[in-house]
Amino acid sequence: MRPLLSILRKYKDIIIMFVIAFFLSSPYMIDICSGYLDYYNFDLQEFLLWHYTSINNIIPYRDIFYPYGLLNYFKNYNLLSASAYYLISPILFTFIFFIFKKVFKDKFILYFSFVILYLFILILIGFQTFSRYGLLVVLSLYFSHIFYSTKKIKISILILLGIVLGLFFSFINDQGIYLILSFIFLFLFNKSLHIKKDHFLSADFYLKTIKEMLYVVLGFFIGIVPLFLFLHRTGNFHI
């Protein structure tokens, strides 16, 4: 019990921010429940079609093309998927607060910046766009923080990062692909910053880099297990 209390005390600001963000994201639930029918844009008919197919048990990939992942598709199908999709927004706000806390040491600037960001999303961007593209931005920033603050990344962390990439690719396909490309760029860019000039042509450097990437690939394959299980269960592999 004491270790749990110590963890809660250590991260109380982040926990409180998650709870606040959960309620601040309430306008997003209206979007999810309405099926985004209040939005008027050129590709609205595609979202209406996918909304219709999801509630009529039409299986993605096997029966219809769908590029946005299982989580987005089935949010109209059951309460669990809708709840998981809703949690994206407060989780993103919490991660942003964590990043802001690292950047802004003054509490007034920290909370003022966060309030301005929330109003910008609420009034101009919208929760739909924030939840989709915010994943790419926030996780890229978090990857940058890991690479910047850690000179030598542990094998377990590399595998964990690969699992995160795999899970995002499984459940949010389009953003998962962008996130993989972002990770590769940030990983190689970080390597180029820390390498010494006389080690640039060293075979050991490239072998070490490849070895680290293989750990990430291993984690990625673990992360896409849910996707393969879904494809197998729904007969997507049957020709």
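**Figure 1. Lys191 and Glu212, a buried pair in the predicted model.** Both Lys191 and Glu212 are buried in this predicted model. Their side chains form a salt bridge, with an N to O distance of 2.7 Å. By the rule applied, the count of salt bridges comes to one. Lys191 belongs to helix α10 and Glu212 to helix α11, so the pair ties together parts that are 21 residues apart in sequence. In general, side chains of opposite charge can pair when their charged atoms come close.

Figure 2. Lys191 is placed in helix α10. The relative accessibility of Lys191 is 15%, and Lys191 therefore counts as buried, the cut-off being under 20%. When neighbours within four places in sequence are left aside, Lys191 is in contact with Phe205, Thr209 and Glu212. The side chains of Lys191 and Glu212 are also joined by a polar contact of 2.7 Å.

**Figure 3. The largest nonpolar core.** This core holds 39 residues, of which Ile88, Phe93, Phe143, Phe147, Leu165 and Phe183 touch the most other members. At least two residues of the core come from each of α2 (12-24), α6 (79-103), α7 (107-125), α8 (127-149), α9 (155-171), α10 (173-194) and α11 (203-223). Helix α6 provides the largest share, nine residues. In soluble globular proteins, nonpolar side chains tend to be buried together.

**Figure 4. A nonpolar patch on the surface.** The patch is formed by Phe108, Ile109, Phe112, Val115, Ile116, Leu119, Phe120, Leu122, Ile123, Leu124 and Ile125. Together these residues have about 1,100 Å² of accessible area. Phe108, one of the patch residues, is found in helix α7. Because its relative accessibility is 62%, Phe108 counts as exposed, the cut-off being over 50%.

**Figure 5. The protein chain as a whole, for orientation.** The protein chain contains 12 helices and zero strands. Of its 239 residues, 40% count as buried. The accessible surface of the chain comes to about 15,100 Å², and carbon and sulfur atoms account for 73% of this area. Among contacts between residues at least 6 apart in sequence, 67% join residues at least 24 apart.

Terms used. Residues are numbered from 1 along each chain as its sequence is written. This is a predicted model: local features need pLDDT of at least 70, side-chain atom pairs count only at pLDDT 80 or more; totals for chains, interfaces and linings use all residues. Side-chain values use heavy atoms; hydrogens and water are left out. A nonpolar core is a set of buried Ala, Val, Leu, Ile, Met, Phe, Trp, Tyr and Cys residues joined through side-chain atoms within 4.5 Å. Buried means under 20% relative accessible area, exposed over 50%, partly exposed in between (1.4 Å probe, protein chains only). Helices (H or I, at least four residues) and strands (E, at least two) are DSSP runs, numbered from the N terminus. Patches are made of residues with over 30% relative accessible area and no salt bridge: like charges are joined within 9 Å, nonpolar side chains (Val, Leu, Ile, Met, Phe, Trp, Tyr) within 5 Å. Accessible areas come from the Shrake-Rupley method with a 1.4 Å probe; for residues, only the protein chains shown count as cover. A salt bridge is a side-chain nitrogen of Lys or Arg within 4 Å of a carboxyl oxygen of Asp or Glu. A polar contact is a pair of N or O atoms within 3.5 Å; within protein, one must be able to donate a hydrogen and the other to accept it, and residues adjacent in sequence count only if both atoms are side-chain atoms. Contact means heavy atoms within 4.5 Å.
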